[in-house]
Amino acid sequence: MPVEDNEELENETTPNTGKRFGSGRFSVLGLAVTVLKWVLLVIVGLVFVASISVGVNYIMNRGNAAGQQTQSSAFDGVQPVRSWYDGIGEIRVSTKDSTPYTVMVRVQLGYRQDDKSIQTALVNQGPYIKAKVREYFSEKRVNELNDEAKIAAELKQKINNIIGGKGIDIVIITEKTVIEM
């Protein structure tokens, strides 16, 4: 009997249920499938959120390129300190229209602060600059005088050509009056 007792003891200590490694509730294969499901769920969630974000961003910014207003260069931020030339004075001319208009205009020229070479060129060429500004406005029609930014840019180019360089940074039309004759 002592041998039988040992066999019974062995049977009691090692259960003979037929379970193998990995066949339990938390088996390695089951754990791997569960982890992969959660990883896949997180990836799908991230892709979904990213696509919604990109879609909303596209819809919100779709019309900005065509309808966006641009700011004038005068409002771009802090402007550098300049010296101003007001030697042109007030100019009165008639426009090129069939029924002429009288245009009275005052223009100021801005250049690098205390630039003596520009200042000297402006003083020396003052009468010629005034004549060219007068000529410029006399060649215009009244409907062409509405775009002051374009007028200022064209005058800046003409005056810089007269003084031989790029000395004038900005042209400002401080007064403009148009009167029908």
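**Core and helix packing in a predicted model**

Me: Which residues touch the most other members of the largest nonpolar core?
Reply: This is a predicted model, in which local features need pLDDT of at least 70, side-chain atom pairs count only at pLDDT 80 or more, and totals for chains, interfaces and linings use all residues. Residues are numbered from 1 along each chain as its sequence is written, and side-chain values use heavy atoms, without hydrogens and water. A nonpolar core is a set of buried (under 20% relative accessible area, 1.4 Å probe, protein chains only) Ala, Val, Leu, Ile, Met, Phe, Trp, Tyr and Cys residues joined through side-chain atoms within 4.5 Å. The largest one has 26 residues, and those touching the most other members are Leu109, Leu122, Ile129, Val133, Phe137, Leu155 and Ile168.

Me: Which element gives the most to this core?
Reply: Helices (DSSP H or I, at least four residues) and strands (E, at least two) are numbered from the N terminus. β2, β3, α4, α5, α6 and β4 each supply at least two core residues. With six residues, the largest contribution is from α6.

Me: How are the rings of Tyr136 and Phe137 arranged?
Reply: Rings pair if their centres lie within 6.5 Å, and planes over 60 degrees apart count as edge-to-face. Tyr136 is buried at 4% relative accessibility, and Phe137 is buried at 0%. Their ring centres are 5.3 Å apart and the planes stand at 85°, so the pair is edge-to-face.

Me: Which residues of α4 and α5 meet?
Reply: Contact means heavy atoms within 4.5 Å. From α4 come Leu122, Val123 and Asn124, and they meet α5 at Gly126, Pro127 and Ile129.

Definitions and conventions: Buried means under 20% relative accessible area, exposed over 50%, partly exposed in between (1.4 Å probe, protein chains only). Rings of Phe, Tyr and Trp (its six-membered ring) pair if their centres lie within 6.5 Å; planes under 30 degrees apart count as stacked, over 60 as edge-to-face and the rest as tilted.
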